[in-house]
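Visitor: I have a model open and would like to learn how to read it. Please take me through a few features.

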Amino acid sequence: MKTCPRILAVSALSLAAVIIFSPLVAALTGTGLERHALADAFRCVAAPLGGSSETALASALVALLLGVPFAILVERSRTGLRRVFWGLGLIVLMVPPYIVAESWIVLLGPAGKISRLIATLLGFGPHSTDSIQVARFTVPGFVYTKLSVGMVMGGCLFPIIALAVASAFRRTDQRIFESARIAQGTRGVWRLAAHVLVPPALGAGLLVFAVTLTEFAVPQLLRVRTVGEAVYERIQEGDVATAATLGLPLLPVVVIAGGLGALILLRSRLASLAGLEGEVPKFTGRPAGWTGNVLAGVMTLFAVIPAMILPLTSLIWLTVTAKLPEPSAIGPHQVLRASGFLPSLRGAWELAHDDAIRTVLLAGTAATLATLFAIALARLTSKLGWGPLLGVAGAGLAVPAPIVGLGLVVLWNHGWSAVIYQGPAIVVLAWFARFLPVAIFLVQGALTRVPRELESAAALAGRKPWERLISVVLPNAAPGLVAAWLALYVLSATEFSATLLVAPPGSPFLAPSVVNLMRRGQDPEIAACQFLLLAVIALPLVPLACAAIHRARAHTIHQGVK
Amino acid sequence: MNEVLRIAGLGQAFNGTNVLHNASFSLNAGERLAVLGPSGSGKTTLLRLIAGLEAPKHGEITITGRAASRVGAVLIAPEHREVALVFQGLALFPHLRALDQIAFAARGRGGVKQATNLLGRIGLGHRANASLDQLSGGERQRIALARALAQQPKLLLMDEPFASLDDDKRAEMRDLLRSLLDTTETALVLVTHSREDALALARQVVVLERGEQVACGPLETVLVRPKHAAVVRALGLGQIIEGETTDRGEVETAFGKVDTTAGTKPGRLWLLVRAGQPRIVSGPEGIEAEVVSLELRPSEAREICRVAVVRAAGKLLRLILHERIVSVGERIRVRIEGECESVEG
């Protein structure tokens, strides 16, 4: 009776494994790497691996410092404010880290706009507009350090910590804090809070550590030597075999850190749910007074400074104030000469609207395909109790993006596959392969949050399995599935390492174009292109916001009628 | 009578632990059965097995004459069993409004018209468009009940359906359920640990303890002649005390010798002491006991029923105080009067 679902599940799992891991295998086996080169590669990757680890550690610490207080303060604030604060915090996840890194250079780098201003005000900055003299001026060059990479990445990823801590906080019946206070006073409350919040913070911190290890663009822009930088260097030199090998030492580190983080998060979730016997606590504690609300607001502003306020300031500053002295050709684009906010944006649109449209369409396609495939996979495996097997997919996230790109080139650059390789399908495939593990985790999480009893109730009401999926499971998992789709869309639209390698000639995509432009300098058009990329990322939020407003209105009208 | 449900030697185990063992009973159309037992006794597992949500490890289930489940297999899928289940947590669909919840189950059985009719019968006709968060706990209970009945099931299973309601609402829901069931031939299996629910709704009873079926039969018989201590506890029939039959055939307890229905075979036994049997006595008869605490209980009459908890030889016993007033710490003499029934422990 179970044979058919079992065959389907095995097929789907095999397909997922092929999609996720075949680029790595192809990159390692198809690039003609020799054994002695392998040894050399491992020897020369030691220093970059140290760099990667240090930046990842700094990033995790910064994310913890921002994420934990943010979660605690915001969770205790008033409901309306809480939504605003969480909205601001989560938007940070949509800002590509390389845009943040660029803004740090523009504002805080040597000769940066803020650092120069401060230096001038303090009387030790350059008093000249001469570019050479300005170039000589260097305020402490901390922007080009591992700590700075950590601060950028930590600033971008702190919502991961905040979400983990907040969800542990929400799962906890707040009465236990009251009983701790009665028993041991404030010390008891702190001890209990540590017991409740440390494991999720630690687990999420390890995830941030793992994600930072796989980041390529930010260390490159901030000129910090990491594994990503080393891999990219080899690719640019044409030594793809060594490039593929250099990524290997990173794999176990990322898999161990990420796996450990996920395990700790899972254990803390199970422990807290066991305490509640599966019930969400109804008593959520007394909300904070105005002091608590103000503190939550201040914390939110502080937390979003690195990855939202600084990039926005930088982009607006650049687009509004800067002027291009002379025209030049950058890549396939003609750089426009314009100044002022709107003309710059108009220019950027004319410059890159093809890239933007292509990015939106293909990122949407990749996100949709990955979401649908992940739904099918999660359903098939959960029915057989094979859900934990999907955890293996997490290892796919550890495969460095350039290696995914390389592997796909090796796999598909043949005569028989020209239709795929020379068209946009290869880019969709790259994003699909790269972010399928993310899709699996997010979709599995969304589906498992739908109480199993609902499906049982639908089954008893006579619904067939596919009807239950459509009429009960999907509507109730919709918020989680939409969030998963959105995350996949953002990740795909901002992906540049693999995209750069696989994108067909003459069909550039926005993210690689923007990163390439950023490498060449700072000007209003580049800033406007970054704005355009942010607009592309934010595009799906428009219908979602409309739907949310419509739903809220309908709810209000209904309550009014009642 | 049409047999709706037959269970034979049903058992279930999780991770090597037996949670249900050798349950056997049957139910005819229109009959109402209460399954009683403490938490963890296997009540919910029994319901899930009957609903076809799990395959049993032992035994078989027959529904309306058709084999529905046997060892390791669900032969009739839940959607084809003509069985409805009201879950303990209700399992209402968060994305549907009140009427849609019922219409969901009424599809192919009258649809929206039938759902509207049922909504009216449960007194929520005016709340058709209310979403779940706009409904009170009692209203949600009614919706869950209506959704189950909209399936026009042959067998209705209810898992602690009124556990979250206060006493007044419980009584209201019991009346509603009774009135709805009276118009149908639907059989009811009610899992509960509330004896009030069982006594008000059921005429058959099954008592489970640690997965074992310790009693099964008409409620009246079980009430009059309980065979097991678990039945006494589940139905609140009295107190259980430990006794020992001596070589002379007398039964000794911590509260003195008692008359029993048990034989004279030496050994340990459990005795049911009904309310009113323990008495305060004066003079040399009875056993000296210390009053440990005093309790009040509501009674049908206007007076308050006073109960003293007394301790003798480390064992506790509750006795109803009639005229005599006692205080905590006082030493009194008590005796168990009348014949005590012997039950299995």
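This is a predicted model: local features need pLDDT of at least 70, side-chain atom pairs count only at pLDDT 80 or more; totals for chains, interfaces and linings use all residues.

Visitor: How many disulfides does the structure hold over all chains?

Guide: A disulfide is a covalent bond between the sulfur atoms of two cysteines. Here the test is a pair of cysteine sulfur atoms within 2.5 Å. The structure holds zero. Take Cys340(B): its closest cysteine sulfur, in Cys305(B), is 18 Å away, too far for a bond.

Visitor: Is Cys340(B) buried or exposed?

Guide: Buried means under 20% relative accessible area, exposed over 50%, partly exposed in between (1.4 Å probe, protein chains only). Cys340(B) has 0%, so it is buried. Cys216(B), at 41%, is partly exposed.

Visitor: Which residues of β12 of chain B lie on its covered face?

Guide: In a regular strand the side chains alternate between the two faces of the sheet. Strands (E, at least two residues) are DSSP runs, numbered from the N terminus. In β12(B), residues 239–245, the covered face has Gln239(B), Ile241(B), Gly243(B) and Thr245(B). Ile240(B), Glu242(B) and Glu244(B) make up the uncovered face.

Visitor: What does Gly243(B) stand opposite in β13(B)?

Guide: Strands pair if DSSP finds at least two bridges between them. β12(B) pairs antiparallel with β13(B), residues 251–253, over three bridges. There Gly243(B) faces Thr253(B). Seven bridges join β12(B) to β15(B), residues 267–273, also antiparallel. In β15(B), the partner of Gly243(B) is Leu269(B).

Terms used:
Residues are numbered from 1 along each chain as its sequence is written. Chains are lettered from A and ligands numbered from 1 in the order in which they are written. Side-chain values use heavy atoms; hydrogens and water are left out. Helices (H or I, at least four residues) and strands (E, at least two) are DSSP runs, numbered from the N terminus.
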